[in-house]
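Here's a quick walk through one protein model, from the overall picture down to a few side-chain pairs. Have the viewer open and follow along.

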Amino acid sequence: MFNFKRKQYWQEIPELIKNRNADIFIVSYPKSGRSWLRFMLSRYFSYVYQIDFELSKDITELTKSVNSASKIAFVHDGSSYTQNYNFSYDELPKESKKIYKNKKVILLVRDLRDVMVSYYLHCSKRDNIYHKEISDFIRDRKFGIAKAVEFLNIWYLNRNIPEEFMVIQYEDMVCHPLGQLLRICKFLQFPINHQYGMQTVEYSSFKNMKFLERSGKLKVTGRFGIGKLQTEESYKIRRGICHGFVDYFSKEDVEYLNHYINNNLNPFYNYIF
């Protein structure tokens, strides 16, 4: 466990140390849809700034190549597991998030029941670091629903720390991809072009991204490709639907998740079941 009294908490988190000079942070709990958003922003940025699009180039790298563009970083803000740390729900740092002061922050959120499924498959099939059942996973102090809820609640309490703060729901991105993409790009101060937006949405469709991953073309990013267990469920891009959790949880597990979320997640996020 890190000594948070000795340092600011972000000084113990490698992803925050690396990106501390970013102008805009896109923050999310693991498996909330950031890979899709990241891919869309990279494609759109390449269009509007007339940069040759390469699958190996990420939006973080692209914004650094254009002097007039705000520098963007994608972070999990200490909520994901790494080789160095994996906080339990009651270990997540709660103090003021000073690293985000005078910055702009987008918090990407998703129905936590779907998050739990995707995170379980990532940990058990893709990375092969969790070996119990999904019912155990959602009750686990270091992976389960309590940690995800606590992470979002902490951000609610700290939402006034950034200079500007915006919440994006994954479900809105699925239902209205063009509108949400342009809304995000406006917040990021990218030039707004509806034609490029439509082309980006088409190129970043679930069908095309699944094809690119299965064909091996996305391996160059270092974030896609088949996982350690070499199964269909170990791919990063799997189903691309909302409320797919019903195919994985028992009735008792759904009741447990619904009850926990309804009684503990701040209603600010508008996820009531």
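## The overall picture

Of the 273 residues in the protein, 52% are buried. Keep in mind that this is a predicted model. In terms of secondary structure, you're looking at 11 helices and 4 strands. The protein exposes about 13,000 Å², and 48% of that comes from carbon and sulfur atoms. As for contacts with a separation of 6 or more, 72% are between residues 24 or more positions apart.

## Salt bridges

How many salt bridges does a search of the whole structure find? The search gives 6 salt bridges.

| Pair | N to O distance |
|---|---|
| Arg38 and Asp58 | 2.8 Å |
| Arg113 and Asp111 | 2.8 Å |
| Arg139 and Asp253 | 2.9 Å |

Start with Arg38 and Asp58, whose side chains meet in a salt bridge. Arg38 is in helix 2 (residues 34–48), while Asp58 is in the loop between helix 2 and helix 3 (59–64), so the pair links distant parts of the chain, 20 residues apart. Are these two buried or exposed? Arg38 has 12% relative accessibility and counts as buried, because the cut-off for buried is under 20%. Asp58, at 11%, counts as buried too.

Next up is the salt bridge between the side chains of Arg113 and Asp111. Arg113 is buried, with a relative accessible area of 7%. Asp111 is also buried, with a relative accessibility of 1%.

Then there's the salt bridge that Arg139 makes with Asp253. Why does this pair tie together parts of the chain that are 114 residues apart in sequence? Because Arg139 lies in the loop between helix 5 (134–137) and helix 6 (145–157), whereas Asp253 lies in helix 11 (residues 251–264).

## A cavity to look into

Which residues line the second largest cavity? They are Tyr29, Ser32, Leu108, Val109, Arg110, Leu112, Val115 and Leu152. Strand 3 (104–109) and helix 4 (112–126) are the elements that give two or more residues to this lining. By residue class, the lining of the second largest cavity splits into 6 nonpolar, 1 polar and 1 charged.

## One serine in a loop

Last stop: Ser80, in the loop between strand 2 (72–75) and strand 3. Is Ser80 buried or exposed? Ser80 is buried, with a relative accessible area of 11%. What does Ser80 touch once its neighbours within four places in sequence are left aside? Its contacts are then Pro30, Tyr85 and Tyr119.

Key: Residues numbered from 1 in each chain as written. Predicted model: local features only at pLDDT ≥ 70, side-chain atom pairs only at ≥ 80, totals over all residues. Heavy atoms only, no water. 1 Å grid on protein atoms, 1.4 Å probe; cavity = no way out; pocket = protein on both sides within 12 Å on 5 of 7 lines; lining within 4 Å. Nonpolar A, V, L, I, M, F, W, Y, C, P; charged D, E, K, R; others polar. Buried < 20%, exposed > 50% of the residue type's maximum accessible area, 1.4 Å probe, protein only. Contact = heavy atoms within 4.5 Å. Areas by Shrake-Rupley, 256 points an atom, 1.4 Å probe, with all protein chains shown as cover. Salt bridge = Lys/Arg side-chain N within 4 Å of Asp/Glu carboxyl O.
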